[in-house]
Amino acid sequence: MADKAGEGAVAVTSGLDWQYAPAPESRDVVAIAPRYGLFVNGEFTQAASGRTFPTINPATEEELTVVAQAGPADVDRAVAAARTAFEQVWGPMPGSERAKYLYRIARIIQERSREFAVLESIDNGKPIKETRDVDIPLAAAHFFYYAGWADKLSYAGFGPDPRPLGVAGQVIPWNFPLLMAAWKLAPALATGNTCVLKPAETTPLTALLLAEVCQQADLPPGVVNVLTGAGGTGAALVAHPGVDKVAFTGSTEVGIAITEKIAGSAKKLTLELGGKAANVVFDDAPIDQAVEGIVNGIFFNQGQVCCAGSRLLVQESVAEQVVDRLRRRLATLRVGDPLDKNTDLGAINSRRQLEKITELTAAGEAEGAERWSPPCELPSRGYWFAPTVFTGVSQAHRIAREEIFGPVLSVLTFRTPQEAVAKANNTPYGLSAGIWTEKGSRILWMAQRLRAGVVWANTFNVFDPASPFGGYKESGFGREGGRHGLAAYLDA
Amino acid sequence: MLSSQLRSPQGGDWLAGVSSDAALRQLLHGLPGVDQVGVHARAAALATRSIKKEAKLAALDLAVTMVDLTTLEGADTPGKVRSLCAKAMRPDPADAAVPPVAAVCVYPDLVAAAKAELGRGTVAVASVATAFPSGRASLKVKLADVADAVDAGADEIDMVIDRGAFLAGRYGQVCEEIRAVKEACGPAHLKVILETAELATLDNVVRASWLAMLAGADFIKTSTGKVSPAATPPVALVMLAAVRDFEQASGRLVGVKVAGGIRTAKDAIRYLVLVNETAGRTWLAPGLFRIGASSLLNDLLRQRGKQLSGRYQGQDYFTLD
């Protein structure tokens, strides 16, 4: 007996050093063409200028393909196609008929979900775990959700017969390429608008695959058009006189430029811009789940999320314990090949973004905050940034005020609920916030006072098509998702 | 947070001062709360880990060494137990490279039969005791049950806590029972079964885990296997976090045993992932993690064979027990 107890004790000191073997998702499911055109009036065509630009895999810097660069002539063509489709087909079509197309698109996205997931991972750099479990299922869910609204608009609270606006010009970011396309297209189409979508320069491929899905679903030509290109393409689109509605998700800087540009026109506008969310952890929080929420809040999608919980506000009495546990947890994060099914953190989307993250973290150190990263080996090629935590951050530091849009957490402390609210609101942004406490009344007290479009309680970065999403202040205006999301595309 | 109070390696000195219900309540209810939604989400996320090739083979071999091969039926006989012991020592008659399991787990009256069969080998004899599975008997009867099993040669005792007393807030009583059983165990290792299905909430699971550890448990165990649901990944996650935190506070290592309903190698590997990413590497050893199961062993062998040969073998190539 004693021997066996002793044997147990030996085993205790030497647990298995268990390294997970690589588990890469196969790329074979995706066929990337050598070049891609614009999707206008139901067909793929080259840009009038014949110009193209490359898109690369940020994890390897390998060039994936070249994509047509849309110019003013292409914008004209796409807007005209959308106008015709709006007037002749999509606008007059009964909602119940429009719904059939949306359901069909949703189902095809589900059927081709693995293809979408792998392609998104390759083009964006995010882990396959996230594209497979979050991006793609949520994109399909948005189409399903808004398909359900298409024939019920008379009962949505916008009057007996709310009308669509017409042609929507939609410019989307690179952090959730397909999901943002779905957020924009699904409500616009459900309400009877037609769309010209401009995906981000660095991540055009899943939007083009979605265009192929529109063809597969027999969506009438011109209802959805996809123009690939850089900032100039987007600027031409939002400025085009044939556009009735502009929807933009991206940086606050570009959002302001768009607002100035279309001021005085009849165009309706919704903006979903940056954020610097506070994730507030009280001393009575479920600590281990709060740590998970902090990790999910700032390291989901490498922190390239406008609603990322980039400021951790933790009550001083538990700050040390929370940070210790956070560090221990971060040591288990797996950084590397986005296509490996066990990868938690993938690549940064572009060199430009990596430079911005690098610059801001250097500023954090220079301003006196203490920087920490877990030991992790980064691949030699591609754009990579280790998960990073700054402690000893004050409200005055740039890393507490500016959106970093990367895997960088700033830890600040507070003493009382009043101070937590004051610090959380002390930002030009107001997109999201998190509250961690076991006390229900405090959740409600906080939620009433936080000036943020989304307030999560004991969770973070959870999305549902039925829940509206949008910002206060410099985070933009208008809501996407839910019944509220319909308002952005209705003349109501 | 509790480290200053828990310097004693057994937690004994500290407990001497506070074994009243009120004091224990203050301590156990002062532990951080557990958010059920968050725990379920984390367990589901870890279930998507993809374990392949050499990592899978290592996990399968490790899992075999962690099995407490169990038979707890009214119909058990010495013959059935002998056959189980043979399987425990040599899980795959065709492949000597397969390690023996950790223990066989039987009722107290069959300990002698198991002991006779296992002899001086490495496989331990574990016995459920304390009026398993309900625990509805007086402390005197429970201690006699334990003494019976220990006298017959049991190396490990799996006791059940008094869930009724726990749910009624009589923490002192639960604590005293565990301490008394621990004493009756002598050199035998004590596993304390929480029967988490009856505790119902994860907050209760954490409190019962700490109570058992403070009272001297060598292992905390999820379930008897007689109440559904038995072991679940969220419950295991919470218990693994508890042993990790207890070790940090007291310096004492306590093991975790998951039992009931674990039938496939895939399930077993998922539990090992939970161990690896929650408690950490130290617990990836049979001295600190066990899986109570019966049919699991054959699936581990089948998957092991598949990893080595590239092909699955039929059920008839694996012995029944």
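These are my notebook entries on a few places I looked up in this predicted model.

**Entry 1: where the two chains meet**

I began with the contact between the chains. I found 37 residues of chain B in contact with 31 residues of chain A. Which helices of chain B each supply at least two residues of the side that touches chain A? They are helix 3 (36-46), helix 4 (53-66) and helix 13 (265-279). Helix 4 of chain B gives the most to that side, with six residues. I also looked at the classes on the side of chain B that touches chain A, and noted 20 nonpolar, eight polar and nine charged residues.

**Entry 2: a helix pair in chain A**

Next I turned to chain A, where helix 3 (residues 95-111) packs with helix 7 (residues 205-216). I noted an angle of about 125 degrees for this pair, and axes that are 9 Å apart. Is helix 3 of chain A oblique or parallel to helix 7 of chain A? Helix 3 is oblique to helix 7, because of that angle. I wrote down the crossing of helix 3 of chain A with helix 7 of chain A as right-handed. From helix 3 of chain A, the contact is made by A:Ile105, A:Ile108 and A:Ile109. From helix 7 of chain A, A:Val213, A:Cys214 and A:Gln216 take part.

**Entry 3: cis peptide bonds in chain B**

I then looked up two prolines of chain B. The peptide bond from B:Phe132 to B:Pro133 is cis, and its omega is near 0 degrees. I located B:Pro133 in the loop between strand 3 (124-128) and helix 7 (139-151) of chain B. The bond from B:Ser228 to B:Pro229 is also cis, with omega near -5 degrees. For B:Pro229, I found the place in the loop between strand 6 (219-221) and helix 12 (233-250) of chain B.

**Entry 4: positive phi without glycine**

My last stop was the backbone of two residues. A:Lys473 is not a glycine, yet I found a positive phi of about 50 degrees there. A:Lys473 sits in the loop between strand 17 (454-457) and strand 18 (476-477) of chain A. I noted A:Lys473 as partly exposed, because 18 other C-beta atoms lie within 10 Å.

B:Ala200 has a positive phi as well, near 70 degrees. I placed B:Ala200 in the loop between helix 10 (196-199) and helix 11 (202-214) of chain B. Is B:Ala200 buried or exposed? I count B:Ala200 as exposed, because 11 other C-beta atoms lie within 10 Å.

Key:
Residues are numbered from 1 along each chain as its sequence is written. Chains are lettered from A and ligands numbered from 1 in the order in which they are written. This is a predicted model: local features need pLDDT of at least 70, side-chain atom pairs count only at pLDDT 80 or more; totals for chains, interfaces and linings use all residues. Helices (H or I, at least four residues) and strands (E, at least two) are DSSP runs, numbered from the N terminus. A residue is buried if 20 or more other C-beta atoms lie within 10 Å of its own, exposed if 12 or fewer, and partly exposed in between; C-beta atoms are placed from the backbone. Axes are lines fitted to C-alpha atoms, for helices over the stretch in contact, and angles run from 0 to 180 degrees between N-to-C directions. Angles under 35 degrees count as roughly parallel, over 145 as roughly antiparallel, 65 to 115 as roughly perpendicular and the rest as oblique. A crossing is left-handed if the near helix is turned anticlockwise from the far one by less than a right angle, and right-handed if clockwise. Two residues are in contact if their C-beta atoms, placed from the backbone, lie within 7 Å. Ala, Val, Leu, Ile, Met, Phe, Trp, Tyr, Cys and Pro count as nonpolar, Asp, Glu, Lys and Arg as charged, and the others, Gly among them, as polar.
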